[in-house]
Amino acid sequence: MGRQFKVAVLGSADVAEDSAQGRRAFIVGREVASRKGVLLTGGCGGLPHAAALGARAAAGITVAISPAMNREEHVAKYRYPVDSDIILFTGMERKGRNVILVRSADAAVFAGGGMGTLNEFTIAFDELGPTCAIGVLEHSDGISDELAGLATLVGRSPAAPLIVESDPEKLVEMLFSHLHGL
């Protein structure tokens, strides 16, 4: 078996998993799993959880990197789901967790989101290298729809290729094509 790539899905935690955007995130997760990738999330609900459900529906592996210190805090303080195959408790709150989550990924997919997603994008932009990839699910609402434009404003490109695509299947295909081509 070839290398098992880790793909983080980052985005809106407060968007319903059964919404149109949730169904697109589900497809991202399903496509990652169909390519034998491991799906990473921040352990939250919403679009990342929809992607995790998609990965699980395709018999994929899901790993939640939680901001909580333990399972009790994960559920009581954050009100996060506990159905991932593996939950890693960082105890580092959300921003600290974001660094671990993004640095652990071979590819990062952004969908919807707000300030937390923007924080995750800046980490990916600055820290993921050319052997990684950054994907943006275009037309997913929230800050993700602005990320490609923000990248041009800073006057430099990320070291990892930035792939923007509205079709979730094509986006995952393009990310894995890049990862396998290295």
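**First stop: an asparagine pair**

Select Asn98 and Asn119: their side chains make a polar contact with each other, at 2.8 Å. Please bear in mind throughout that this is a predicted model. Asn98 is part of helix H4. Is Asn98 buried or exposed? Its relative accessibility is 2%, and therefore Asn98 counts as buried. Now display the surroundings of Asn98, setting aside its neighbours within four places in sequence. The residues in contact with Asn98 are then Gly116, Asn119, Glu120 and Ile123.

**Second stop: helix H5**

Two of those contacts of Asn98, Glu120 and Ile123, are also among the buried residues of H5. Select the whole of H5, which has 13 residues. From its first C-alpha to its last, H5 reaches 18 Å, close to the 18 Å expected at 1.5 Å a residue. Next, colour the buried residues of H5: Thr117, Glu120, Phe121, Ile123, Ala124 and Phe125. What do these buried residues pack against? Their partners are strand S1 (6–11), helix H4 (93–103), S5, strand S6 (133–137), helix H6 (147–153) and strand S7 (162–165).

How many aromatic pairs does a search of the whole structure find? It finds four. One of them joins Phe110 and Phe121 in an edge-to-face arrangement, with 5.5 Å from centre to centre and 80° between the planes. Phe110 lies in strand S5 (residues 107–111) and Phe121 in helix H5 (residues 115–127), so this pair ties together parts that are 11 residues apart in sequence. Phe110 and Phe121 are both buried.

The rings of Phe121 and Phe125 form a tilted pair, 5.9 Å centre to centre with 50° between the planes. Both residues belong to helix H5, where they stand four residues apart, about one turn of the helix. An α-helix has 3.6 residues a turn, so residues three or four places apart point the same way. Phe121 and Phe125 are both buried. With all three rings on display, you can see the cluster into which ring pairs link Phe110, Phe121 and Phe125.

Move to Glu165, whose place is in strand S7. Glu165 is buried, yet it has no salt bridge. Which side chain of opposite charge is nearest to Glu165? It is Lys170, 5.1 Å away. Leaving aside neighbours within four places in sequence, Glu165 is in contact with Val136, Leu137, Glu138, Lys170, Leu171 and Met174.

Select residues 20–34, which make up helix H1. This helix has 15 residues and reaches 21 Å from its first C-alpha to its last, close to the 21 Å expected at 1.5 Å a residue. Colour its buried residues, which are Gln21, Gly22, Arg24, Ala25, Val28, Gly29, Glu31, Val32 and Ala33. The buried residues of H1 pack against S1, strand S2 (38–41), helix H2 (46–57), S5, S6 and helix H7 (168–180). After H1 comes Lys36, with a positive phi near 65°.

Glu93 has a phi near 60°, a positive value in a residue other than glycine. Glu93 lies in helix H4, and its relative accessibility of 40% means that Glu93 counts as partly exposed.

Where is His139? Look in the loop between S6 and H6. The phi of His139 is likewise positive, near 60°, in a residue other than glycine. His139 is exposed, with a relative accessible area of 52%; the cut-off for the exposed class is over 50%.

**Last stop: Ile86 in strand S4**

Finally, select Ile86, found in strand S4 (residues 86–89). Ile86 counts as partly exposed, at 40% relative accessibility. Neighbours within four places in sequence left aside, Ile86 is in contact with Thr62, Val63 and Ala64. To finish, draw a distance line between the C-alpha atoms of Ile86 and Asn70: these residues are 16 residues apart along the chain, and the two atoms are separated by 13 Å.

Technical notes: Residues numbered from 1 in each chain as written. Predicted model: local features only at pLDDT ≥ 70, side-chain atom pairs only at ≥ 80, totals over all residues. Heavy atoms only, no water. Phe/Tyr/Trp six-rings, centres within 6.5 Å; stacked < 30°, edge-to-face > 60°. Helix = DSSP H or I, 4+ residues; strand = E, 2+ residues; numbered from the N terminus. Buried < 20%, exposed > 50% of the residue type's maximum accessible area, 1.4 Å probe, protein only. Expected span 1.5 Å × (residues − 1). Contact = heavy atoms within 4.5 Å. Lys, Arg positive; Asp, Glu negative; His and termini not counted. Salt bridge = Lys/Arg side-chain N within 4 Å of Asp/Glu carboxyl O. Polar contact = N/O pair within 3.5 Å; in protein donor to acceptor, adjacent residues only side chain to side chain.
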